[in-house]
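Here is a brief structural report on one protein chain.

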Amino acid sequence: MPVTVLLVDDEPLVRAGLRAVLEAQPDIEVVGEAADGAAVIPLVRRLRPDVVAMDVRMPLLDGIEATRAVLRTVAEPPKILVVTTFENDEYVYEALRAGADGFLLKRARPAEIVHAVRLVAEGESLLFPASVRQLAAQYGDEGGNRAARAAMERAQLTEREAEVLRLMARGLSNAEIAARLIVGTETVKSHVSAVLAKLGSRDRTQAVIAAYESGFVAPG
């Protein structure tokens, strides 16, 4: 089955460019478009895309609020890939904190766009970990905020789960973590699932943001 994508951007040329790049791939299908975040929820409910590629800045409802709305109201929400002009934009970090699964630069090469969509859809690795780390260092609360620290303490991660979370934050995939720890991939998947459940995170991106926000992992 192809990865289905909904494009959300107020610039028609950006949507056309993304559609051309993605539809050139046999395993990706663009199922719809929208010009503003306000149109996202009904389209997501009707089209059931695997991934929403969403501009972070739009006139009526921006990508941050649209991300929050989708995650709050859709029972089985899609992965959300924020599309942005600047990678060090505070809006990008706020979108990740709101629940976005990763971000993509509008100037990215076609191969990078395709890779980002596939990686976010698979959910087994962190997209652009160095950039996420940089954003956390620049815009996250220094030393971790109190609520995030308390949530991390309540999670009571085991030593192995903590080790897996640190490796996730470095951007390692499940297969790479398995090789590093000399365990099977299924064992790593079990540890990742446990980390997500204990932290109340819907995916590894949110778990890594929680690790940075709590000070459990230093973003620098």
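## Overall shape

This is a predicted model. The chain holds 11 helices and 5 strands. Its C-alpha trace spans about 50 × 35 × 30 Å along the principal axes.

The radius of gyration is 17 Å. A compact globule of 220 residues would come near 17 Å, so the chain agrees with that rule.

## Burial and contacts

Of the 220 residues, 50% count as buried. The chain exposes about 10,400 Å². Carbon and sulfur atoms supply 51% of that area.

Take the contacts between residues at least 6 apart in sequence: 69% of them join residues at least 24 apart.

## Helix H4

Helix H4 covers residues 90–98. Its buried residues are Val-92, Tyr-93, Ala-95, Leu-96 and Ala-98.

What covers them? Just after H4, Gly-99 takes a positive phi of about 130 degrees.

A probe the size of a water molecule, rolled over the atoms, shows where empty space remains. With a cut-off of 30 Å³ or more, the count is 1 cavity. The largest cavity holds about 70 Å³ of space.

Its lining consists of Lys-79, Asp-101, Val-120, Gly-123, Ser-125, Leu-127, Asp-203, Arg-204 and Thr-205. By class, the lining has 4 charged, 3 polar and 2 nonpolar residues.

Note on methods. Residues are numbered from 1 along each chain as its sequence is written. This is a predicted model: local features need pLDDT of at least 70, side-chain atom pairs count only at pLDDT 80 or more; totals for chains, interfaces and linings use all residues. Side-chain values use heavy atoms; hydrogens and water are left out. On a 1 Å grid over the protein atoms alone, a cavity is a set of points where a 1.4 Å probe fits but cannot get out, and a pocket is an open set with protein on both sides within 12 Å along at least five of seven lines; lining residues have an atom within 4 Å of a point. Grid points are joined across faces, edges and corners, and a volume is the space filled by probe spheres set on the points. Ala, Val, Leu, Ile, Met, Phe, Trp, Tyr, Cys and Pro count as nonpolar, Asp, Glu, Lys and Arg as charged, and the others, Gly among them, as polar. Buried means under 20% relative accessible area, exposed over 50%, partly exposed in between (1.4 Å probe, protein chains only). Helices (H or I, at least four residues) and strands (E, at least two) are DSSP runs, numbered from the N terminus. The radius of gyration is taken over C-alpha atoms; the globule rule is 2.2 Å times the number of residues to the power 0.38. Contact means heavy atoms within 4.5 Å. Accessible areas come from the Shrake-Rupley method with a 1.4 Å probe; for residues, only the protein chains shown count as cover.
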